[in-house]
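User: I'd like to learn how to read a model like this one feature by feature. Can you walk me through it?

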Amino acid sequence: MPSKRVLLGAALLMFAAAPVQAQTPAAQASDVQTPANCALANAVDPATYDLLTLTTWNEASQDESSYNWAQCRAAKLDRDLATQPQLRARLQTLRKQYREMRAIEGQLAGIRAGGGTMYFHQVPRMYPGLEEQLASLGALARSTLGAPTGQHYAKVIAHAKADQAKYIKLQRAYKPGPDEDYVRFNPTEWAATLNRYDTLGKAIMLTLGNRNDAATALGYSILTHFTFSAEPEEYGY
């Protein structure tokens with residue numbers, strides 16, 4: 001039976017080959033080997049969860065641990081919002097959309113770099129941070145703490161909108177240079193993937209609305225916590 005490392009490598013190739021179908025960033029979750037310990041995950045931070053549950057430290061196990069922690073916390077948030085089904089449904093939708101956007105960012109970065117496992121592994125590893133932000137968003141949305149409006153919140157939202165537009169513009173302008181023969185670039189697939197990314201961003205903005213309050217500002221901020229930059233010099237290669 002292939003090792004998990006081999007399976008992850010194969011999944012990465014599929015990830016790069018099917019741009020529009022990258023909306024399942026936790027594809028590796030189907031290969032989960034270790035059951036999540038939700039009692040522990042709901043009591044400790046992600047790093048502590050890794051420390052106490054990982055008996056073998058490798059790329060696949062770290063991906064799995066991040067995924068498990070986030071899924072436990074997502075289930076906890078659902079339970080906490082049991083009496084507010086509309087808010088729970090909105091956060092569930094936002095989670096799927098944010099995760100898909102982060103997966104697309106990893107996919108685009110991997111294409112530009114000609115592959116590399118970092119672009120695959122980083123996606124599930126950002127789930128814990130995203131889940132903490134969603135928990136904060138839920139807390140703000142169901143209390144008076146998220147209701148105050150102000151100029152600062154308006155600026156946060158405006159900056160997020162501008163950053164999102166810039167990110168998409170930079171990606172749309174991208175073309176491999178003459179010395180970038182390692183890039184796996186298909187113009188049609190690239191454009192289709194960016195269209196999906198743009199659609200997701202607009203859907204999130206529609207859900208969040210335009211009220212200049214604390215909760216909305218956080219939601220927009222999450223939108224532009226990019227997993228990978230659109231600018232090559234920031235990729236780290």
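Predicted model: local features only at pLDDT ≥ 70, side-chain atom pairs only at ≥ 80, totals over all residues.

User: Is α5 enclosed or open, and how many of its residues are buried?

Analyst: Burial goes by relative accessible area: under 20% is buried, over 50% is exposed, and partly exposed sits in between (1.4 Å probe, protein chains only). In α5, 21 of the 29 residues are buried, so the helix is largely enclosed by the rest of the structure.

User: Which residues touch the most other members of the largest nonpolar core?

Analyst: A nonpolar core is a set of buried Ala, Val, Leu, Ile, Met, Phe, Trp, Tyr and Cys residues joined through side-chain atoms within 4.5 Å. The largest one has 40 residues, and Leu91 and Tyr98 touch the most other members. Helices α4 (59-80), α5, α7 (127-141), α8 (151-173), α9 (187-208) and α10 (214-223) each put in at least two residues. The largest share, 9 residues, is from α5. Apart from this core there's another one of 6 residues, including Leu40, Ala41, Val44 and Trp69.

User: What is Tyr98 in contact with?

Analyst: Contact means heavy atoms within 4.5 Å. Skipping neighbours within four places in sequence, Tyr98 meets Leu130, Leu134, Ile204, Leu208, Gly219, Ile222 and Leu223.

User: How many residues of α10 are buried, and what covers them?

Analyst: α10 is mostly covered, with 9 of its 10 residues buried. The cover includes α5, α7, α8 and α9. Take Leu223, which is found in α10 and is buried at a relative accessible area of 0%. Not counting residues up to four places away in sequence, Leu223 touches Tyr98, Met101, Arg102, Gln164, Gly201, Ile204 and Met205.

User: Where is Asn42, and is it buried or partly exposed?

Analyst: Asn42 is in the loop between α2 (38-41) and α3 (46-53). With a relative accessible area of 22%, Asn42 is partly exposed. Leaving out residues up to four places away in sequence, Asn42 touches Cys72, Arg73, Lys76 and Arg79. For comparison, Ser66 lies in helix α4 and counts as buried at 9% relative accessibility.

User: How many aromatic pairs are there?

Analyst: Rings of Phe, Tyr and Trp (its six-membered ring) pair if their centres lie within 6.5 Å; planes under 30 degrees apart are stacked, over 60 edge-to-face, and the rest tilted. That rule gives 7 aromatic pairs. One of them, Tyr119 with Phe228, is tilted, at 4.9 Å centre to centre and 55° between the planes. Tyr119 is in helix α6 (residues 118-125) and Phe228 in the segment after α10, so this pair ties together parts 109 residues apart in sequence. Tyr119 counts as buried at 4% relative accessibility, and Phe228 is buried at 8%. Another pair, Tyr174 and Phe185, is edge-to-face: 5.6 Å centre to centre, 80° between the planes. Ring pairs also link Tyr167, Tyr197 and Phe226 into a cluster.

User: Which Arg residues lie over the face of a Tyr?

Analyst: A charge sits over a ring if NZ of Lys or CZ of Arg is within 6 Å of the ring centre and within 35 degrees of the ring normal. Arg99 lies over the face of Tyr127, 3.9 Å from the ring centre. Arg112 lies over the face of Tyr174, at 4.1 Å from the ring centre.

Definitions and conventions. Residues numbered from 1 in each chain as written. Heavy atoms only, no water. Helix = DSSP H or I, 4+ residues; strand = E, 2+ residues; numbered from the N terminus.
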